[in-house]
Amino acid sequence: MKLRDKQKAEVKSALVKAGEELFGTKGFMETTIEEITGAAGVARGTFYNYFQSKEDLALEIFYGTEELTTEQIEDFFATTPGTDNQIKVLIASAVEWTMKRPDLVLITLLEKMKRGQTPENPQGTLFRRMITEAFARGQSAGVVTRERPAQDLAHDIDGLYMVHMVRWYHYGQQDDLLSAILSSVNTHLSGALIKQ
């Protein structure tokens, strides 16, 4: 890697780290670009060499924290039996992540709805990719209906997650988010799973 490329990567990393810390402590809306660049040790204008907006930075943070290796994915499916159980475990993990970063997740969800699929993430979030994989494996095993593609079923689950997350956030984070999502997902799954 050239020295200039290394320096650019270091600056971008510093901006991401500063943004993640500030969004976590102050919240997304209360954090300014000046605070992010100050914490990263760069000039305000430098921010725009890497991101067009705070929302772009939020998306970078969101997608950057959800990397799994193929081995980790295979291990998850090997050690978590049953399509419905896999989906519930994935939802519980997403809810846990959401509870730690509600502002970041809300902004990311809103931006994803505005932007749709992006060239950087054409398959969507790791959550949606894992849910799609669970449904695809369930269809291959004959326990999930093939009436609809696995990706469509995963979009439904992702949509239920988004609706409940936004509702939870809007009403002051008072409800049990996991229970609300799982109740809706259980209803959805009862139509997707083949009765044994």
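Helices (H or I, at least four residues) and strands (E, at least two) are DSSP runs, numbered from the N terminus. The model is predicted: local features need pLDDT of at least 70 and side-chain atom pairs count only at pLDDT 80 or more, while totals for chains, interfaces and linings use all residues. Residues are numbered from 1 along each chain as its sequence is written, and side-chain values use heavy atoms, with hydrogens and water left out.

Y48 lies in helix α3. Y48 is partly exposed at a relative accessible area of 37%; buried means under 20%, exposed over 50%, and partly exposed in between (1.4 Å probe, protein chains only).

In helix α1, the buried residues are L15, V16, A18, G19, L22 and F23. They pack against the helices tabulated here (contact: heavy atoms within 4.5 Å).

| Helix packed against buried residues of α1 | Residues |
|---|---|
| α2 | 33-40 |
| α3 | 44-50 |
| α4 | 54-64 |
| α7 | 102-115 |

Just after α1, G27 has a positive phi of about 95°.

Helices α8 (residues 126-140) and α9 (residues 150-170) pack at about 135°, with axes 8 Å apart. Axes are lines fitted to C-alpha atoms, for helices over the stretch in contact, and angles run from 0 to 180 degrees between N-to-C directions.
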